[in-house]
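Please keep the sequence and the coordinates open while reading.

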Amino acid sequence: MPESIKVGIADMNICRAPDSITTIGLGSCVGIVIRDPLLKIGGMIHIMLPDSTVIKSNSNVSKFADTGIPELVRQLEAQGCVRRRMEAKIAGGAQMFAFQNKSELLGVGERNIAASKKVLAELGIPLLSEDTGENYGRTVTFYPENGVYEIKAVGKETKKI
């Protein structure tokens, strides 16, 4: 029976088909999934922030796009995945609260999206699709067998990208 592997906030994991991988609570956070379609192995990271260099306590590489995405790729390669075959999808990066004044602390969702795209491009991994932005949280499940990234949100229809 296929297993659903859980990924927490500022966490990552890998799974092999027919298993799936899931995370809840994507508000301004971004859930990045990467898979090797030939091996049907995929991984997910739930990043909270775009850049580890601006935070003093940055020992958790999974918390940041700039350190976590390369580590996820390294772990996938350790499982036999080949980077030139890898493909990615992203979800999340919402603006959860409305504010009158925009400060650097605000817009973290937008910055997480931009940082995730930048790191994927630097690693040469194509971004096939995304469900990002807006003003609502998401729960996501990824199926490395067929590459479907399922996005659920309260009051919204389930999306598959």
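Is C29 buried or exposed? C29 is buried, because its relative accessible area is 10%. The model behind this value, and behind every other value in this report, is a predicted one.

## Cysteines

A search of the whole structure finds zero disulfides. C15 takes part in no disulfide, and the nearest cysteine sulfur to it, that of C81, is 10 Å away. C15 also counts as buried, because its relative accessibility is 3%.

For C29, the closest cysteine sulfur is the one in C15, and because the two sulfurs are 20 Å apart they are too far from each other for a bond. A disulfide requires cysteine sulfur atoms within 2.5 Å.

## The open sheet

Five strands form an open sheet of mixed pairing, in the order β1-β3-β8-β9-β10. The edges of this sheet are taken by β1 (4-6) and β10 (159-160), each of which pairs on one side only. In a regular strand, side chains alternate between the two faces of the sheet.

Moving through the sheet, strand β3, residues 20-26, pairs with strand β8, residues 138-143, in the antiparallel sense over four bridges, and here L26 stands opposite R138 in β8. The pairing of β8 with β9 is likewise antiparallel and runs over five bridges, with V140 having I151 in β9 as its bridge partner. These two strands, β8 and β9, form a hairpin with four residues between them, and G147 in the turn has a positive phi of about 80 degrees. Strand β9, which covers residues 148-152, then pairs with β10 in the antiparallel sense over two bridges, and I151 stands opposite K159 in β10.

## Salt bridges

How many salt bridges does the count come to? The count comes to 10 salt bridges. One of them joins R35 and E87, with the closest N and O atoms 3.0 Å apart. Since R35 lies in strand β4 and E87 in strand β6, this pair ties together parts that are 52 residues apart in sequence. Both partners are buried, R35 as well as E87.

The salt bridge between K118 and E122 also has its closest N and O atoms 3.0 Å apart, but both of these residues lie in helix α2, four residues apart, or about one turn of the helix. K118 and E122 are both exposed. A further salt bridge is formed where the side chains of D131 and K159 meet, at 2.6 Å from N to O. D131 lies in strand β7, residues 127-132, and K159 in strand β10, so this pair ties together parts that are 28 residues apart in sequence. D131 counts as buried, because its relative accessibility is 7%, whereas K159 is partly exposed, because its relative accessible area is 34%. D131 and K159 are also linked with R138 in a network of salt bridges, and R138 is the residue of β8 that stands opposite L26.

## The cavity

Which residues line the largest cavity? The lining consists of V33, R35, E87, A88, K89, L128, F142 and G147. The elements that give two or more residues to this lining are β4 (30-36) and β6, and β6 gives the most, with three residues. The structure holds one cavity of 30 Å³ or more, and the space within the largest cavity is about 30 Å³.

By class, the lining has four nonpolar, one polar and three charged residues. Among the lining residues are R35 and E87, which form a salt bridge with each other and are both buried. G147, the residue with positive phi in the hairpin turn, is also part of the lining.

F97 is placed in the loop between β6 (87-92) and α2 (108-122). This residue counts as exposed, because its relative accessibility is 58%. The C-alpha atom of F97 is separated by 7.4 Å from that of N135, although the two residues are 38 apart along the chain.

Notes. Residues numbered from 1 in each chain as written. Predicted model: local features only at pLDDT ≥ 70, side-chain atom pairs only at ≥ 80, totals over all residues. Heavy atoms only, no water. Buried < 20%, exposed > 50% of the residue type's maximum accessible area, 1.4 Å probe, protein only. Pairing = 2+ DSSP bridges. 1 Å grid on protein atoms, 1.4 Å probe; cavity = no way out; pocket = protein on both sides within 12 Å on 5 of 7 lines; lining within 4 Å. Points joined across faces, edges and corners; volume = space filled by probe spheres on them. Nonpolar A, V, L, I, M, F, W, Y, C, P; charged D, E, K, R; others polar. Salt bridge = Lys/Arg side-chain N within 4 Å of Asp/Glu carboxyl O.
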